[in-house]
Amino acid sequence: MLKKGFTRNFLILLGFVVDEIDANTLSAQRQRIFTGGWYKRSTVERTVRRFLSVGDIEKVQKNGNVYLRLTSQGSEKIKENVPVFKLAQKEWDNNWRIVIFDINEKNKTQREVLRRKLISLGFGMWQESVYITPFNIQQEINQFLIFKKLFPFAVCLVAKREDLGDDRELANKIWHLDEINDKYYDFLENC
C-alpha cells in the first residue's frame, strides 16, 4: 500500500504527468522548487532511494544527464493503489454513473466514508449529495453500498446525457479540469 504524501505523489508524477525527471532537479538547491516546499529534502531523498532499491523507478542516462523514470513495476503499483488510474484506461461507454444519497446527520460518519470512497474511485461532486463518474463501476459501488448498509439511503444510477449539451463541459464543471490543467502547466514550468 502506498502511503499518502510525497511517496504516492512522486510515483503519480512520474507515471502520469512527466515521463522522467532530471535527477539534478532533486538536488539540494532545486528540491524546494520541485516539491513546492511541501516536503523535506530528507523525505525526498529517502523516497527516491527506496524506490530505486525496490525497482519502482530507475536511473537512465541521456546526453550525459541522469534521469529518474518509472518502471513497469512502479506503474503497476500505482494502478493497484490509486484505482482511478486503472479505471481511466478503459474506453468510455458514454454513460455516467451517478450516486445520490440522503444520509441523515446522526449517521454523518457513514456519509463521510461514502464520500471518501467515491472520491477515491474518481467520482466528482456535482452537489453535496450527488457524485458522478464516467467509469463503469456501478456494480462495485452497489456492492459497497450493500456491504456498508447504505442502501436504500444511497443509490447508484446509470445515465446517458443526450441532447443536454457537451459531456466535456459537464466534466469540466465537476472536476474543474481547466484549473487542474493550469496547475500542471505551472508545475511543469517551475520544474
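Let's start at a hairpin. Strands β2 and β3 have two residues between them, and in that hairpin N63 takes a positive phi near 50°. A word on terms: helices (H or I, at least four residues) and strands (E, at least two) are DSSP runs, numbered from the N terminus.

This is a predicted model: local features need pLDDT of at least 70, side-chain atom pairs count only at pLDDT 80 or more, and totals for chains, interfaces and linings use all residues. Residues are numbered from 1 along each chain as its sequence is written, and side-chain values use heavy atoms, without hydrogens and water.

β2 covers residues 57-62 and β3 covers 65-70; they pair in the antiparallel sense over six bridges. Pairing here requires at least two DSSP bridges between two strands. Within this pair, Q61 stands opposite V66 in β3.

Now, which other residues take a positive phi? N94 does, near 65°, and so does H176, near 55°. Neither is a glycine. Most residues other than glycine have a negative phi, and most peptide bonds are trans.

Where do they sit? N94 is in the loop between α5 (83-88) and β4 (96-101). H176 is in the loop between α8 (167-175) and α9. N94 counts as partly exposed because its relative accessibility is 41%. For H176 the value is 42%, so H176 is partly exposed too. The cut-offs: buried is under 20% relative accessible area, exposed is over 50%, partly exposed is in between (1.4 Å probe, protein chains only).

Last, a peptide bond. From F151 to P152 the bond is cis, with omega near 15°. P152 lies in the loop between α7 (138-147) and β7 (154-159).
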